Amino acid sequence: QVQLVESGGGLVQAGGSLRLSCATSGSVYSINTMGWYRQAPGKQRELVAVISRGGSTTYADSVKGRFTISRDNVKNTVFLQMNSLKPEDTAVYYCNADIQRIWYEARNDYWGQGTQVTVSS
């Protein structure tokens, strides 16, 4: 069974930094796009950043220049370095990955359980 396990959330003051990690557990054949999404109370889940297997990245305008997404294709792990955090970054952050478990199976979308990030003013 494939699971995405997030870590690194917490409480930080405005202007501070956090680093989120998302590790893939279980056997996989390949992982295509990996990314981070977030959902604040009363709001829809939104894209934060995604990264292709080759390293191409896309960021939400609200985090450009402050957040950096990266991945380790050997360890099947994706990271999100968050700097200059703002109170409006407060949300539950979810890891996402497009995974093919076995070579003859179709790809599927997997989600982590979410990790809380709280930025105090």
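The tour below goes from a sheet to a loop residue and then to another strand.

This is a predicted model, in which local features need pLDDT of at least 70 and side-chain atom pairs count only at pLDDT 80 or more, while totals for chains, interfaces and linings use all residues. Residues are numbered from 1 along each chain as its sequence is written, and side-chain values use heavy atoms, with hydrogens and water left out.

Begin with the open sheet of four strands, ordered S1-S3-S8-S7 with antiparallel pairing; strands are DSSP runs of E, at least two residues long, numbered from the N terminus, and two of them pair if DSSP finds at least two bridges between them. At its edges lie S1 (3-7) and S7 (67-72), each of which pairs on one side only.

Next select S3 (residues 18-25) together with S8 (residues 77-82), an antiparallel pair held over six bridges, and look for Ala23, which stands opposite Thr77 in S8.

Move to Arg66, in the loop between S6 (57-59) and S7. Its relative accessible area is 10%, so Arg66 is buried (under 20% relative accessible area, with a 1.4 Å probe and protein chains only). The side chain of Arg66 reaches the backbone oxygen of Ser62 at 2.8 Å. Beyond its neighbours within four places in sequence, Arg66 is in contact (heavy atoms within 4.5 Å) with residues including Gln81, Met82 and Asp89.

Finish at S11 (residues 115-120), whose covered face carries Thr115, Val117 and Val119, and whose uncovered face carries Gln116, Thr118 and Ser120. Four bridges join S11 to S2 (residues 10-13) in parallel, with Val117 as the bridge partner of Gly10, whereas three bridges join S11 to S9 (residues 91-100) in the antiparallel sense, where Ala91 stands opposite Val117.

Note on methods: Buried means under 20% relative accessible area, exposed over 50%, partly exposed in between (1.4 Å probe, protein chains only). A polar contact is a pair of N or O atoms within 3.5 Å; within protein, one must be able to donate a hydrogen and the other to accept it, and residues adjacent in sequence count only if both atoms are side-chain atoms.
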